[in-house]
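Look at the sequence and the fold side by side. Keep both in view as you read.

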Amino acid sequence: FFFFFFFFKQKTAYEIMPSLVGSEMCIRDRGKTFTIQGDDTNPGIAPRSFTEMYNIITAMNNYTCRLECYMVELYIDTLTDLLLPKDMRKNPPHLDIKEDAKGMIFIQDVTKYPIKNADEAKKIFDLGLLNRKTSSTQMNKTSSRSHLIFSILIETINKQTRQRAVGKLSFVDLAGSERADKAGTSAERLKEGRAINKSLSALGNVISRLSAGGTVCANC
């Protein structure tokens, strides 16, 4: 346990630090959703990262930091705002994926919440999870039927130079496809499964292109 915790802390700090100085970082999980969420006894990657992130921020005495977050899910072909207020859910705004002048991807009109500490980040994270699409199959009682993205936008300002940087730390929990003959899925689950497989295949193509030194378009 000690070795795992030490390794986790070093790896997490390594992944978090670039987002605090204006870069985009992503912590991705495909497999058991428990890995990224955990529970009260065994916190997952996300809540542990919140704690580590604020430990780092506390030590950044020469910077002013402002953080805000959003959470969305991709269900079949629809991008949904999981933090949208209840009175707006009947007619939710259309979410467009954009790219700013500096190349950072952002979601236009998504709901953002300011966060001041790790506990607030965890509460908002848990709030969004309540609205995520899940379903029961023969292989999994709470099978995730959507891809989940929880992003933290981090603005830092150097107190001496006044230099400003904006970074982003994203936690991504990909839905896992299950074989229909083993999962005992319905027609609706089959439709979800096809959409999941299609999007995972597209993601694989993007990763392959980027690994080969190519570029991709946010809206292509």
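The model is predicted, so local features need pLDDT of at least 70 and side-chain atom pairs count only at pLDDT 80 or more, while totals for chains, interfaces and linings use all residues. Residues are numbered from 1 along each chain as its sequence is written, and side-chain values use heavy atoms, with hydrogens and water left out.

**The helix**

Helices (H or I, at least four residues) and strands (E, at least two) are DSSP runs, numbered from the N terminus. Helix α3 covers residues 45–58, which makes 14 residues. From first C-alpha to last, α3 reaches 20 Å, close to the 20 Å expected at 1.5 Å a residue. That expected span is 1.5 Å times one less than the number of residues in the helix.

Buried means under 20% relative accessible area, exposed means over 50%, and partly exposed lies in between (1.4 Å probe, protein chains only). In α3, 11 of the 14 residues are buried, so the rest of the structure largely encloses this helix. Among the buried residues of α3 are Arg48, Phe50, Glu52 and Tyr54.

**The strands**

Two strands pair if DSSP finds at least two bridges between them. Strand β9 (residues 147–158) pairs with two others. With strand β2 (residues 63–75), β9 pairs in the antiparallel sense over 12 bridges. Here Thr64 has Ile157 of β9 as its bridge partner. With strand β10 (residues 164–174), β9 also pairs in the antiparallel sense, over 10 bridges. Ser151 has Ser170 of β10 as its bridge partner, and Ile154 has Gly167 of β10.

β9 and β10 form a hairpin with five residues between the strands. In this hairpin, Arg162 takes a positive phi near 65°.

How covered is β9? This strand is mostly covered, with 11 of its 12 residues buried. In β10, nine of the 11 residues are buried, so this strand is largely enclosed by the rest of the structure.

**The salt bridges**

A salt bridge is a side-chain nitrogen of Lys or Arg within 4 Å of a carboxyl oxygen of Asp or Glu. By this rule there are five salt bridges. The table gives some of them.

| Salt bridge | N to O distance |
|---|---|
| Arg66 and Glu68 | 3.9 Å |
| Arg66 and Glu155 | 3.1 Å |
| Arg132 and Asp173 | 2.8 Å |

Start with the salt bridge of Glu155 and Arg66. Glu155 lies in β9 and Arg66 in β2, so this pair ties together parts that are 89 residues apart in sequence. Glu155 counts as buried because its relative accessibility is 14%. Arg66 is partly exposed, at 46% relative accessible area. Glu68 is buried, at 19%. Arg66, Glu68, Glu155 and Arg164 are linked in a network of salt bridges.

Now take the salt bridge of Arg132 and Asp173. This pair links distant parts of the chain, 41 residues apart. Arg132 sits in the loop between α4 (118–129) and β7 (134–135), and Asp173 sits in β10. Both Arg132 and Asp173 are buried.
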